[in-house]
Amino acid sequence: MGALYDRMSRDLKLRNLSAGTHRQYLRCCKHFVRFHMKSPEVMGATECKEFLAHLQQTGMKVESLKLNVASLKFLYRVTLNRRAEADQLAWPKVPQKKVVALSGTEVERVLRAVRSLVPAVVLTAAYGAGLRISEACRLRVEDIDGKRNVIHVRQGKGQKDRYVMLPARLLVLLRKYWVAVKPRNGWLFPGRGDGHLTPSAVRLALNEAMAVCNLQKKVTAHVLRHSFATHLLEAGNDIRLIQVLLGHASVSTTAQYAQVSTAHVGRVISPLDLLGTKKGEVLG
């Protein structure tokens, strides 16, 4: 893409998009150029649709297809200033899958099965505070506020800061962890060199634990975050409070956890059970 690549990279930086999004958008557009062997400046919506149709025919997952649409929309709408071309690209319909959540007993089994200390503490923090695994890995020592019982999450999804609770059990675990590991360079969970532990290292440790855990459910690091939200909902917490803790921009994103929480649904009293009772008088 040459000069166009540099322009798009500049535009992505100006929008302050995350480093991951920056890399993914540029990679998708490079694949688009290689597919047609022409500059995007001499192509338009037709060539974009041909490329997306090719990706679909290769069996690309809907989430990845959506990423390619987003990158092409950014290229044409922002960098090339051709909004009409971008608007012709339709978003693929993403099937609504039921969110997987673990029971409390299953969460305990998973956390106990992680053998390596640092990934085990990271995953405990992810469940205990509802963190994304990348957010947990990036925690710094000063982000843990034991006096106010909060954790400062810096630059989460959408480059937003937020505060989440610091569970008492997690604080005790972190104090023991501190004595054992003595984190360096400011990172709570240091990795190789001067950086923090990578999410891929934590996922590897989790996969190894699941190989011996003998659970029927497919468990990923993000399932622990789903479980955190579901368990809060089942405990009777307001969904808007859960939205704030998770850092969701819209409550509709948080509402998907209501589909999982069968215990929460089971506590709702049907108006049928209110008919002819004192509480049922409000029904008229």
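Ala, Val, Leu, Ile, Met, Phe, Trp, Tyr, Cys and Pro are classed here as nonpolar, Asp, Glu, Lys and Arg as charged, and the others, Gly among them, as polar. On this scheme, the lining of the second largest pocket comprises nine nonpolar, three polar and three charged residues. The structure is a predicted model.

The second largest pocket holds about 430 Å³ of space. Its lining is made up of 15 residues. Nearest the centre of this pocket lie Glu108, Leu111, Thr124, Tyr127 and Arg169. Three helices each give at least two residues to the lining: α6 (104-113), α7 (117-129) and α9 (168-181).

The protein as a whole has 284 residues, and 42% of them are buried. Its secondary structure consists of 15 helices and three strands. Among contacts with a separation of 6 or more, 57% join residues 24 or more positions apart.

The relative accessibility of Leu171 is 12%. The cut-off for a buried residue is under 20%, so Leu171 counts as buried. Beyond its neighbours within four places in sequence, Leu171 is in contact with Ile144, Gly146, Asn149 and Leu166. Leu171 also lies 9.4 Å from Ala125, C-alpha to C-alpha, across 46 residues of sequence.

Asn149, one of the contacts of Leu171, sits in the loop between β1 (144-145) and β2 (150-153). The phi angle of Asn149 is positive, near 60°, in a residue other than glycine. Relative accessibility is 40% for Asn149. Buried residues fall under 20% and exposed ones over 50%, so Asn149 counts as partly exposed.

Helix α1 spans residues 3-14 and includes Ser9. Ser9 has a relative accessible area of 13% and is therefore buried. Apart from neighbours within four places in sequence, Ser9 is in contact with His22 and Leu26.

Thr198 is placed in the loop between α9 and α10 (199-213). At 37% relative accessibility, this residue is partly exposed. The side chain of Thr198 makes a polar contact, at 3.1 Å, with the side chain of Ser200. Thr198 and Pro119 are separated by 79 residues in sequence, with their C-alpha atoms 9.7 Å apart in space.

Technical notes. Residues numbered from 1 in each chain as written. Predicted model: local features only at pLDDT ≥ 70, side-chain atom pairs only at ≥ 80, totals over all residues. Heavy atoms only, no water. 1 Å grid on protein atoms, 1.4 Å probe; cavity = no way out; pocket = protein on both sides within 12 Å on 5 of 7 lines; lining within 4 Å. Points joined across faces, edges and corners; volume = space filled by probe spheres on them. Helix = DSSP H or I, 4+ residues; strand = E, 2+ residues; numbered from the N terminus. Buried < 20%, exposed > 50% of the residue type's maximum accessible area, 1.4 Å probe, protein only. Contact = heavy atoms within 4.5 Å. Polar contact = N/O pair within 3.5 Å; in protein donor to acceptor, adjacent residues only side chain to side chain.
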